Structure formats: structure tokens, C-alpha cells
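Dear colleague,

Please find below the structure that I am handing over to you. My findings follow directly after it.

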Amino acid sequence: MNPVKPGETPRTPWIVGVSGASGTPYAAAVLRALLVAGESVDLVVSRASRLTLLDETGISFRDAHWQADLREWLSRGADGKPDTFSVDIDAVRHWSAGDLAAGPSSGSYRAKGMLIVPASTASVAGVALGLSKDLLQRAASVTLKEGRKLIVAVRETPLNGQTLRHLVTLDDAGATVVPASPAFYAGATHIQDLVDFVAGRVLDAAGVPHGLYRRWQGELGGGAHRDG
């Protein structure tokens, strides 16, 4: 617990759930941008996502060493190069995915909303059906029932009818579905630019300011790169 001291403002975080879909660089970009924006973060890393993180980055995310593992993860660029970013994680609180007594499992726990990045089809189904099989799904269900923002960055292709119906269910419940689908009008020249575009759209849906990508200004050719 972090008790509020006299003169302090109660901590009200964004909950970030990382599910087992491919796309851990998207989660890293969202986490970095939230921290840069001065937001507090409650982090839930699912068991399946730890396997994906290990496969995509070589990093083992361990509950007992989560600070060191998180720093290493967030310091890497989307191309896997270490020490690309310098990140202060003091505003992050980690909750184990199996801890169903954690703060985010209750509607009385202060939170601005929740971002699931990336969102696997399994996590989409679990939230749509209200299964609450782990803390990620439970926190998402709580977010919906409390009328808070839930942004689901689904990362899968192709999408079958069952998943599409689950996504419609989430939309009907008030969630915002943001497919992890990068655009190219912003003039991307590096894989990090494509990752940052998706992360930026997630943060746009959450209403969090950022400078992750060049916004469309209504002028054709603005994203083109030409040799002199």
C-alpha cells in the first residue's frame, strides 16, 4: 500500500494489461509514453505474455525481479537494441497476474481506466464473456462495470467471426477497440516509428497527450521522404 500523505494527491493510475499476443514493443511504447506524460501505471503482465516477451526480446519477466526486468524491457527499442531509451519506472506498480485480491480487482480501487496492449484473442474473449480467469481479465471487467475507459489494442490476423463478435460485444459495453494496425502517412523510416504510431493511437483513445507520431494535417505528400 502507498498511503496518501498530508498535502499529496491520491494516486490514480492507468492499468496496463499485457496479454500473450505478439507485439510486446507496442506495450513498451505505451508504458514509456504514459510515464513521460507523468501518469502513474499499474502493470499486469499475463503468464502467456511472459512467454511472448521472452521469445521477442529474450527477457524473462519475473515477479520477484520485476523492476530490473521492466527497466531492461523498456530501455530496448523495437529493433531489440538495448539502452535505446532511458526510463524512470518509479511511477509503476506491478501486480501479479494470479493475484485476484490485487487492488485493480475491485471497483473501489482508484484508476483512470485500462489499456490492454497487445490484446490477444483469448484475452478479448475472456473480457467479453466476463470470465475473469486472471487479474488482467478481472481488472478489465471492473473497468467496464465502473464506466471507466477500456482500450483494447487487439493484435491478430485474420480475425474470425467469433473474435469479431467478441469485439462487438466489447464495443457495445463501452470499450474502444484499437487494432494494432500502423499507418504510413506519418513518414515512418524505422520500425520504432510504426510501433509508436500504434502506441500513439492507443493513447489518443485514452486521452493522454504524447508526441509519438506526426499527425495528419490535410496535406498530401507530407509523409514522403525524398532524396535531395
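Strands β5 and β6 run parallel and are joined by 2 bridges; two strands are taken to pair if DSSP finds at least two bridges between them. Across these strands, Ile 151 has Thr 176 in β6 as its bridge partner. Together with helix α6 (residues 161-172), β5 and β6 make a right-handed β-α-β unit. Right-handed here means that, with the strands pointing away from the viewer, the path from the first strand over the helix to the second runs clockwise. Helices (H or I, at least four residues) and strands (E, at least two) are DSSP runs, numbered from the N terminus.

Please note that this is a predicted model, in which local features need pLDDT of at least 70 and side-chain atom pairs count only at pLDDT 80 or more, while totals for chains, interfaces and linings use all residues. Residues are numbered from 1 along each chain as its sequence is written, and side-chain values use heavy atoms, with hydrogens and water left out.

β5 also pairs with β4, in the parallel sense and over 5 bridges; there, Met 114 has Leu 150 of β5 as its bridge partner. Of the 6 residues of β5, 5 are buried, where buried means under 20% relative accessible area, exposed over 50% and partly exposed in between (1.4 Å probe, protein chains only).

Helix α7 comprises 16 residues (residues 191-206), which at 1.5 Å a residue should span 22 Å; the end C-alpha atoms are 23 Å apart, which agrees. The expected span is 1.5 Å times one less than the number of residues. Buried residues of α7 include Gln 192, Val 195, Phe 197, Val 202 and Leu 203. Among the elements that cover the buried residues of α7 are β1 (14-18), α1 (24-36), β4 (113-119) and β5 (149-154). After α7 comes Gly 207, with a positive phi near 80°.

The structure holds 4 aromatic pairs. Rings of Phe, Tyr and Trp (its six-membered ring) pair if their centres lie within 6.5 Å; planes under 30 degrees apart count as stacked, over 60 as edge-to-face and the rest as tilted. One of the pairs is Trp 95 with Tyr 109: the ring centres are 6.1 Å apart and the planes stand at 90°, so this pair is edge-to-face. Because Trp 95 belongs to strand β3 (residues 92-96) and Tyr 109 to the loop between β3 and β4, the pair ties together parts that are 14 residues apart in sequence. Both Trp 95 and Tyr 109 are buried.

The pair of Tyr 185 and Phe 197 is edge-to-face because the ring centres are 5.6 Å apart and the planes are at 90°. This pair links distant parts of the chain, with Tyr 185 in the loop between β6 (176-177) and α7, and Phe 197 in helix α7, 12 residues apart. Tyr 185 has 32% relative accessibility and therefore counts as partly exposed, whereas Phe 197, at 6%, counts as buried. Tyr 185, Phe 197, Tyr 213 and Trp 216 form one aromatic cluster.

Finally, I draw your attention to Thr 24, which is found in helix α1 and counts as buried at 0% relative accessibility. Leaving aside neighbours within four places in sequence, Thr 24 is in contact (heavy atoms within 4.5 Å) with Thr 52, Leu 53, Glu 56, Thr 57 and Trp 73.

Yours sincerely
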